[in-house]
Amino acid sequence: MHVFVRRFLLVFLVLLSLPAQASNIFPLEPPDTSSPRDTLHSFIYYTDELYKEAVAAHENVVLEKEYLQRAERCFDLSQVPPTLRSSVSTESVLRLREILDRIEMPPMEDVPDRHDVKAQNILVWRIPHTEITIGRVAEGPRMGAYLFTPETVDGLEGFYGEVKDIPYRADRGKDYTGLYEQYIYSSGWMIPDGFLGLLPSWMFKGYYGQAIWQWTGLVLIIALCAASLLLCFKWQRKRSLRRRKGGLRLGRIALPVYAIFLCVFIKYIAVDQIMITGDILAYLTILLGLCFSVSAGLAIIVAGDIIMRAIISSSKIREEALDADVIKLVCRLVSFALVFALFYKVGAYFGIPVTAIFASAGIAGVAVALAARETLANFFGGVSIFLDRPFRAGDYIVLSSGERGEVKAVGMRSTRILTRDDVMITIPNSVITNGKVVNQSMPYPSFRVRIQIGVAYGSDIDKVESVLLEIAASSSMVVQSPEPRVRFRSFGDSALNFELLCWAARPHDRGRLIHELNKAIYKRFNDENISIPFPQQDVYVHRVDK
């Protein structure tokens with residue numbers, strides 16, 4: 001019979017996730033939980049049927065699954081985290097049945113039925129001389145049903161520890177063995193019974209609900225997985241040292257993805273093969289869940305960074321441009337939003353009151369926002385620059401404070417300008433958006449240069465004009481479209497004032513172009529005998545007779 005029980009447990013655990021097949025009972029019919037008597041009767045009936053199928057010569061796995069699920073529905077598992085609900089429900093069924101098979105049970109007619117419940121308004125009923133209670137569910141999807149209370153579910157391990165050495169009642173028969181011991185000390189399909197049969201008897205001694213061989217297997221699989229994760233980390237680090245700078249660096253995502261795989265693998269081996277149960281399974285599940293969540297969060301962040309770099313490189317966007325900064329911001333916001341959703345789901349899955357936590361975090365966020373209002377002002381200034389596009393990286397701008405230089409980088413917090421003195425100036429975006437900005441590179445990249453020159457009275461003004469145009473046309477730094485032009489501006493006190501107007505290719509070239517044109521004008525005027533007068537004043541002294 002032990003062989004039949006073990007075979008039942010192995011086949012049941014392997015096929016637990018298979019779709020239901022045809023059976024002799026209605027698959028959607030729930031157990032009767034309309035009163036303490038009905039709940040207790042339903043639980044005893046379905047666990048009796050479960051045991052019969054487990055020890056039968058020709059077992060029906062589908063029926064076994066349905067009987068176990070209906071017995072589980074006699075428990076109020078609302079306070080059990082979803083991640084532990086499957087294992088806790090199965091263990092609760094087997095433990096409670098082991099307890100009930102060892103203690104004296106009251107006659108079923110003494111247990112309140114639905115008429116007693118209605119007449120006496122019974123909310124909770126306790127099995128005599130025990131702390132096992134059946135109570136009415138006050139809220140939730142199963143409101144009104146009488147189920148074994150959450151306190152009972154939480155205390156079943158301790159209750160079982162107190163009665164496990166008591167023999168089964170005589171009415172259970174001398175061949176009755178129960179299922180719980182076989183369940184917790186059995187193994188999955190990857191560990192054959194023949195292998196366990198070769199182990200010494202001391203390997204089957206239980207400590208904290210697990211046999212020594214189960215402890216050994218658990219420690220071994222965790223150690224092997226930890227060693228493989230360390231090797232993966234060293235491989236990734238070695239590869240990162242050899243890779244060229246930049247690029248998508250796809251290998252960075254290997255470590256978190258491998259860590260996710262290991263978490264799933266350890267959970268499968270521990271639960272479905274080594275058959276870890278009880279509190280150890282709860283602690284292991286929580287630990288693996290946390291590792292899984294952290295690894296998944298890192299994988300999301302790394303994947304977001306890879307996608308961000310792919311977008312920037314494919315669009316030929318300059319790394320220092322605001323477009324690149326906005327793409328980085330959007331990708332990171334999406335990544336953090338996914339991580340937020342992940343941890344929200346994980347928190348709910350583990351039964352953590354995430355709504356209250358995030359509400360408290362929202363209040364704290366308001367305080368942080370008030371303390372960091374300058375940083376937020378700079379951030380929204382960067383958003384304003386991105387939307388208005390008053391300048392871009394590479395433009396020459398002049399600020400209202402007088403700074404002039406090339407925009408090297410536009411970030412979400414500040415803008416960096418390189419002056420002609422090769423001095424880098426970092427200006428908060430809030431300052432830029434609240435002041436006047438002159439963009440000398442927009443709307444056209446060429447920059448107009450004005451050369452003012454005075455010639456002596458009596459000079460040939462047509463010749464002066466033609467010479468200035470020739471000088472501008474011969475310069476390689478002058479843009480010929482628009483064409484250079486000369487204007488006779490005014491009659492000065494000492495000279496005729498002309499102005500040469502031409503365009504440099506870039507604002508960067510303004511200073512050097514003025515330098516080259518001034519040199520060329522001075523030399524050419526000397527060759528053409530065009531006089532450049534200096535300011536002079538004639539003073540006439542008249543003698544006044546008294």
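I began with a definition: a nonpolar patch joins nonpolar side chains within 5 Å of one another, taken from residues with over 30% relative accessible area and no salt bridge. The model I consulted is a predicted one.

**Entry 1, surface patch.** I looked up the nonpolar surface patch and found that Y457, I461, F488 and F491 form it. Together they have about 410 Å² of accessible area. I located I461 in helix α16, residues 461-474. I noted a relative accessible area of 33% for I461, so this residue is partly exposed.

I recorded a count of 19 salt bridges. I then examined R114 and D32, whose side chains meet in one of them at 2.9 Å, N to O. This pair links distant parts of the chain, 82 residues apart: R114 is in helix α5, and D32 is in the loop between α1 and α2. I listed R114 as partly exposed because its relative accessibility is 42%. D32 is also partly exposed, at 31%.

I found a salt bridge between the side chains of R172 and D48 at 3.4 Å, N to O. R172 is in the loop between α6 and α7, whereas D48 is in helix α2, 124 residues apart. At 21% relative accessibility, R172 counts as partly exposed.

**Entry 4, within one helix.** Where do E91 and R95 lie relative to each other? I found both in helix α4, four residues apart, which means that about one helical turn separates them.

Notes: Residues numbered from 1 in each chain as written. Predicted model: local features only at pLDDT ≥ 70, side-chain atom pairs only at ≥ 80, totals over all residues. Heavy atoms only, no water. Patch = residues over 30% accessible without salt bridge, like charges linked within 9 Å, V, L, I, M, F, W, Y side chains within 5 Å. Areas by Shrake-Rupley, 256 points an atom, 1.4 Å probe, with all protein chains shown as cover. Salt bridge = Lys/Arg side-chain N within 4 Å of Asp/Glu carboxyl O. Helix = DSSP H or I, 4+ residues; strand = E, 2+ residues; numbered from the N terminus. Buried < 20%, exposed > 50% of the residue type's maximum accessible area, 1.4 Å probe, protein only.
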